[in-house]
Amino acid sequence: MVFSSTVFLFLFFPLVLIGYHNPVFRGRVFRNVFLLVASLVFYAWGEPVFVFLMIFSIFVTWYIGLRLQKRQCRKILAVGIGYHVLLLFIFKYLTFVVGELGLLLHKDLSTIDLPLPVGISFFTFQMMSYLFDIYHGTAGAQRDPLHVGLYVALFPQLIAGPIVRYKQVAEEITDRRESYADVVEGMQRFIYGLGKKVLIADYMAQLADGVFGSCISRSAATAWLGAVAYTLQIYFDFSGYSDMAVGLGRMFGFHFGENFDHPYISKSVTEFWRRWHISLSSWFRDYVYIPLGGNRVKRSRWVLNMTAVWLLTGIWHGANWTFILWGGVYCIILLVEKLTGFAERMGIFSHLYTMLVVILAWVLFRAESIASAGVYIGEMFGIGASGLYDAAAASYLNDTKTLLIIALIAATPLYKKICNRLKDQGFGWIEQVWLTVVFIISVVQVVGSTYSPFIYFNF
């Protein structure tokens, strides 16, 4: 089930919201159990088999957590983390590894093709953070397995993040306070995210899919349009989901951290990764980079630490050499930036440099293979292209130029600044009217469109 679907908007969400905030059963136990059951139904709607795998993993995590609470033993932690890593490997990477071994051995080993449970990368990382926090003493283990289940399975952030740390919501699981103001603010944030997804990301997807899926040589202009469209699509798609997740969480009394902070205004790649998918970046920082020694070690060791983090970041996103190379490219660029500081000396060109790197990296991220990414990037710079500009580029640009401009502006903090200024001057009602219009148009679009999954459901 996805947030931008008629089933969710007109059936699941209204029933859950009404049932949760009913005036009769208002106890914390009832609300937690109700929310957990609803979350399991939410996941089972699309994964009727793998929901049992997730439930089993929750019990394993709960049990290991209790053992760690009694004895902070590295072997116990290793068992818990090893279980989750093995689970990820089997369902996400085994098919890829076996396929690559088949190529190496010149044998057909393609019979293994396991389906990928939706959101497995997100909820396994949450369970691992739960165990890490208990081991390091920054959080206490929950004796009630239902509380661990609610933390892991809570439907707003279950299948595409943000990756919520247990210590961030531990108190809210047992002692949160819902309010009318939170419901209103949460609803506004949800509408904002819904608009990002169905009014911008899905339209950018049509342009990106059309260009990337072309079977003939593209002009340089067409290739750039496709790359820019995908750059905007993945931002509005993923940040839109995060906005909806944060908003939904707020409506049930949970306060999740921000996952995006206008990454496309960054003036260095280092800054970009402080603003993009913040929950994942901070997860690798706290549970991999810092335990390895961070930057408090000699330079050669620091380079190895950075390499480990970014190769893992690439691998986390998928079982393909493109993701591994994508992580490696970012690793090299970040190392060069930190060692030389050249991005800080580029002045007004720093933003152009950053976006050039980001756009080219997204081409590699989206490509089916390294070879196809090389061909596409070559066409962007005229190598193998059908020309600099052609009728296809003119048609694409004519059809989407208005939305491209809106998307480029919406990717900046300008909207937030305007809303804050209106509130300061007593015109906050204008934002409410605007959000109502966005919601109506978004619902009309959802009703009339075909199924459009979120990009990060694949990870």
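Leaving aside neighbours within four places in sequence, which residues is arginine 218 in contact with? The first point takes this up, after a word on the model.

This is a predicted model, in which local features need pLDDT of at least 70, side-chain atom pairs count only at pLDDT 80 or more, and totals for chains, interfaces and linings use all residues. Residues are numbered from 1 along each chain as its sequence is written, and side-chain values use heavy atoms, with hydrogens and water left out.

1. Arginine 218. Setting aside its neighbours within four places in sequence, arginine 218 is in contact with Val211, Phe212, Ala223, Tyr376, Glu379, Ala385 and Ser386 (contact means heavy atoms within 4.5 Å). Its place is in the loop between helix H8 (180-212) and helix H9 (220-251); helices (H or I, at least four residues) and strands (E, at least two) are DSSP runs, numbered from the N terminus. Arginine 218 counts as buried at 9% relative accessibility, where buried means under 20% relative accessible area, exposed over 50% and partly exposed in between (1.4 Å probe, protein chains only). Leucine 388 is 170 residues away along the chain, yet its C-alpha and that of arginine 218 are separated by 9.0 Å.

2. Helix H15. After H15 comes glycine 382, with a positive phi near 85 degrees.

3. Two histidines to look at. Most residues other than glycine have a negative phi, and most peptide bonds are trans. Histidine 262, in the loop between H9 and H10, has a positive phi of about 50 degrees although it is not a glycine. Histidine 277, in the loop between H10 and H11, also has a positive phi, of about 45 degrees. Both are buried: histidine 262 has a relative accessible area of 12%, and histidine 277 one of 0%.

4. Helix H12. With 19 residues (299-317), H12 reaches 27 Å from its first C-alpha to its last, close to the 27 Å expected at 1.5 Å a residue (the expected span is 1.5 Å times one less than the number of residues). Its buried residues are Trp302, Asn305, Met306, Val309, Trp310, Thr313, Gly314, Trp316 and His317. They lie on the same side of H12, because they cover an arc of only 160 degrees around the axis, the arc being that of the directions from the helix axis to the C-beta atoms. The helices they pack against include H4 (74-105), H5 (120-135) and H13 (321-340).

5. H17 and H18. The axes of helix H17 (residues 414-424) and helix H18 (residues 429-448) come within 8 Å and cross at roughly 135 degrees. Axes here are lines fitted to C-alpha atoms, for helices over the stretch in contact, and angles run from 0 to 180 degrees between N-to-C directions. The pair is therefore oblique (under 35 degrees is roughly parallel, over 145 roughly antiparallel, 65 to 115 roughly perpendicular and the rest oblique). Tyr415, Cys419, Leu422 and Lys423 in H17 meet Ile430, Glu431, Trp434 and Leu435 in H18.

6. Asparagine 32. This residue sits in helix H2 (residues 28-46) and is buried, with a relative accessible area of 7%. Not counting residues up to four places away in sequence, asparagine 32 touches His147, Leu150, Ile173 and Arg176.
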